[in-house]
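The sequence and the structure are shown first.

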Amino acid sequence: MRTQTLKFITCAVAVLAFAGLSFAQVTEYQEDQNLGMEAHAGHLTGHAKSAAMNYRRYCVGCHGVLGDGEGENAVWLDPKPRNFTLATFKCRSTPSGTLPTDEDLFNTIGRGLESSNMPSWNPLSSQNRIDLIAYVKHFSDRWKTEKPGTPIEIPTEPEVTADRIKAGQVIFQKLECWKCHGVEGMANGPSADTLTDDQNRPIKPFNFHDQTRFKCGSTDRDLYRIFMTGLDGTPMPSFADNVKPEEAWDLVFYLRTLQPMHTKEKEIAKQLGLKPINPNAPAPASTPAPQPQTNDTKPQ
Amino acid sequence: MKKQLLFKAMLALSAALILSVAWMVSQRSVKAAPPSESSITGTVKLEGTPPHQRPIDMSKEPACAAVHKANPVTTENVVVGTDGGLKNVVVYLSEGWSGPETAVSSTPNWEQHGCQYIPHVMGLDVNEHFKVINSDPTSHNIHPMPKPGGPNHEWNKSQPAGAPPIDTSWPAEEVAIHVKCNIHPWMSGYMVVVKGPYGVSDDSGSFKVDGVPPGNYTLTAWQETYGAQTQKVTVAAGKPATANFTFKAK
């Protein structure tokens with residue numbers, strides 16, 4: 001009689017334990033609710049679920065199974081692969097501190113990231129790429145609770161003139177771009193050697209003298225967007241609050257004179273006999289009366 | 001007749017007195033507290049020898065170096081004032097506070113002056129606005145770095161000389177948000193975002209937490225090098241409570 005009771009209890013415990021185990025598996029599976037994440041760019045709609053295979057095939061080696069940038073290749077890479085769980089991105093059209101748009105991310109994987117191990121993924125179909133963006137987003141809950149910032153407006157590019165290049169140089173000095181990027185854009189400014197990223201890893205400023213393409217694109221519009229929104233997670237701040245669109249274009253034109261390839265701006269600078277700035281000269285005349293500003297996501 | 005005049009004069013005088021008191025109360029940083037609210041005062045002290053504070057070489061930024069010509073500037077990880085008083089300690093109610101979402105609305109300034117943050121440590125209520133000011137003749141980039149992946153998000157904005165203040169706030173509590181300037185790597189400061197009222201210790205180590213309703217609380221004191229200490233405190237109506245903290249130098 002007693003052994004029977006014991007048997008019954010053992011059986012019951014075994015059944016309960018099994019049920020518990022299978023239940024645990026069910027809950028673990030359900031944890032990935034974020035796989036319902038979508039991404040939109042133009043007429044494309046991406047689904048995270050559809051990208052699982054491609055992520056495992058093309059991305060996991062560097063960005064890791066968990067999307068934390070700790071893939072098996074990560075130790076060999078500099079700069080380190082992006083940690084998608086933090087949802088901080090360099091290349092944005094949106095204000096500093098806000099999420100990028102899906103289109104920003106879509107452009108990034110299409111273009112690849114200059115001076116890093118991230119190649120261009122244009123060989124994949126645009127549908128595959130937008131699916132991957134949805135997959136990248138599924139790693140952070142921030143995409144469920146927040147909307148991307150409002151993209152800054154970039155007015156049509158004006159005609160390059162000698163006056164604009166000279167004005168751009170004044171802005172280059174006034175904003176103290178040279179503190180990191182150097183007076184000739186050679187990435188040798190007084191603060192250049194001390195820079196670290198948000199994980200406290202050393203990071204170098206962009207060298208205009210050596211490089212033709214920027215981290216987030218190579219066009220004039222890309223350059224405009226980079227310094228206006230800043231590169232989040234790096235020392236490069238956003239200048240959108242203090243630079244007017246006209247001035248921003250002037251700065252774009254001046255920066256083009258520093259680059260190694262042949263540019264129209266460089267030709268004009270040569271004719272002007274434009275000399276590098278003198279950082280010890282008194283600061284140029286300041287801007288008109290300050291206006292109140294907020295840290296909102298409004299475009300300036 | 002004379003008595004009536006005197007009475008009228010007294011009336012006018014007392015009205016003026018009441019008005020001026022009301023004005024003073026309204027000028028206080030914390031919202032005018034109902035009479036039942038009280039405060040917590042106390043002193044934070046450091047026991048032992050404070051760690052050596054390294055001198056800061058600002059020769060790369062002559063304009064800032066000039067500001068500190070008379071008083072050489074050092075790091076501010078541990079600042080000990082008179083009688084072992086520990087400066088820059090934020091004291092707040094970590095448990096027991098059930099007041100409104102944003103109880104403090106003083107809009108403090110976070111000033112960049114002489115390539116230093118003034119104050120070096122700032123207390124803030126959740127959603128309390130603060131102003132970032134650049135009074136230096138040089139550019140700064142203001143780069144607060146909350147915990148990655150948390151509810152507050154890192155941002156990084158340039159503030160050239162003469163630029164208008166940046167008015168902003170933090171949406172969630174966080175002890176503490178490190179702020180730095182990448183152009184001047186020695187610049188370092190902390191924003192301590194808490195729920196409800198707070199106090200920050202001054203040169204003598206004394207602090208005052210205003211606007212605390214009667215009740216039982218856990219009081220926490222946070223210092224950037226030594227971390228947090230807590231103690232229970234009971235606040236009675238209309239009677240300021242006292243709480244002292246002692247940190248030990250490691």
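Two residues are in contact if their C-beta atoms, placed from the backbone, lie within 7 Å. In this predicted model, the buried residues of H3(A) pack against strand E1 (38–41) and H4 of chain A. Seven of the ten residues of H3(A) are buried, and the helix is mostly covered. These buried positions are Asp102(A), Asp104(A), Leu105(A), Phe106(A), Thr108(A), Ile109(A) and Arg111(A). Just after H3(A) comes Gly112(A), with a positive phi of about 80°.

## Overall build of chain A

Chain A contains ten helices and three strands. Read from the N terminus, its elements follow the order α-β-β-α-α-α-α-α-α-α-α-α-β. Of the 300 residues in chain A, 38% are buried. Among contacts in chain A between residues at least 6 apart in sequence, 63% link residues at least 24 apart.

## The nonpolar core

The largest nonpolar core holds 52 residues, of which Ile133(A), Ala134(A), Met228(A), Leu251(A) and Val252(A) touch the most other members. At least two residues of this core come from each of helix H2 (48–63), helix H3 (102–111), helix H4 (126–137), H6, H8, H9 and helix H10 (264–272) of chain A. H9(A) contributes the most, with seven residues.

## Packing of H6 against H9

How are H6(A) and H9(A) oriented to each other? Helix H6 (residues 162–174) and helix H9 (residues 245–256) of chain A pack at an angle of about 95°, and their axes are 7 Å apart. Since angles of 65 to 115 degrees count as roughly perpendicular, H6(A) and H9(A) are therefore roughly perpendicular to each other.

On the H6(A) side, the contact involves Arg164(A), Ile165(A), Ala167(A), Gly168(A), Gln169(A), Ile171(A) and Phe172(A); on the H9(A) side, Glu247(A), Trp249(A), Asp250(A), Leu251(A), Phe253(A) and Tyr254(A) take part. Sorted by class, this contact of H6(A) with H9(A) comprises eight nonpolar, two polar and three charged residues. Leu251(A), in H9(A), is also among the core residues that touch the most other members.

## An exposed loop position

Lys204(A) lies in the loop between helix H7 (178–181) and helix H8 (220–229) of chain A. Is Lys204(A) buried or exposed? A residue counts as exposed if 12 or fewer other C-beta atoms lie within 10 Å of its own; Lys204(A) has 12 such atoms and is therefore exposed. Lys204(A) and Gly182(A) are separated by 22 residues in sequence and by 12 Å in space, from C-alpha to C-alpha.

## An antiparallel sheet in chain B

In chain B, four strands make up an open sheet with the order E12-E2-E14-E15 and antiparallel pairing. Strand E12 (198–200) and strand E15 (227–235) of chain B are its edge strands, each pairing on one side only. On average, neighbouring strands of this sheet are turned by 30° against each other, direction ignored.

Strand E14 (residues 215–223) of chain B runs antiparallel to E15(B), and nine bridges join the two. Asn216(B) stands opposite Thr234(B), which belongs to E15(B).

## The contact between the chains

Between the chains, 26 residues of chain B are in contact with 33 residues of chain A. On the side of chain B that touches chain A, strand E7 (140–145), strand E8 (157–159) and strand E9 (166–168) of chain B each supply at least two residues. By class, this side of chain B consists of eleven nonpolar, eleven polar and four charged residues.

Key
Residues are numbered from 1 along each chain as its sequence is written. Chains are lettered from A and ligands numbered from 1 in the order in which they are written. This is a predicted model: local features need pLDDT of at least 70, side-chain atom pairs count only at pLDDT 80 or more; totals for chains, interfaces and linings use all residues. Ala, Val, Leu, Ile, Met, Phe, Trp, Tyr, Cys and Pro count as nonpolar, Asp, Glu, Lys and Arg as charged, and the others, Gly among them, as polar. Axes are lines fitted to C-alpha atoms, for helices over the stretch in contact, and angles run from 0 to 180 degrees between N-to-C directions. Angles under 35 degrees count as roughly parallel, over 145 as roughly antiparallel, 65 to 115 as roughly perpendicular and the rest as oblique. Two strands pair if DSSP finds at least two bridges between them. A residue is buried if 20 or more other C-beta atoms lie within 10 Å of its own, exposed if 12 or fewer, and partly exposed in between; C-beta atoms are placed from the backbone. A nonpolar core is a set of buried Ala, Val, Leu, Ile, Met, Phe, Trp, Tyr and Cys residues joined through C-beta atoms within 7 Å.
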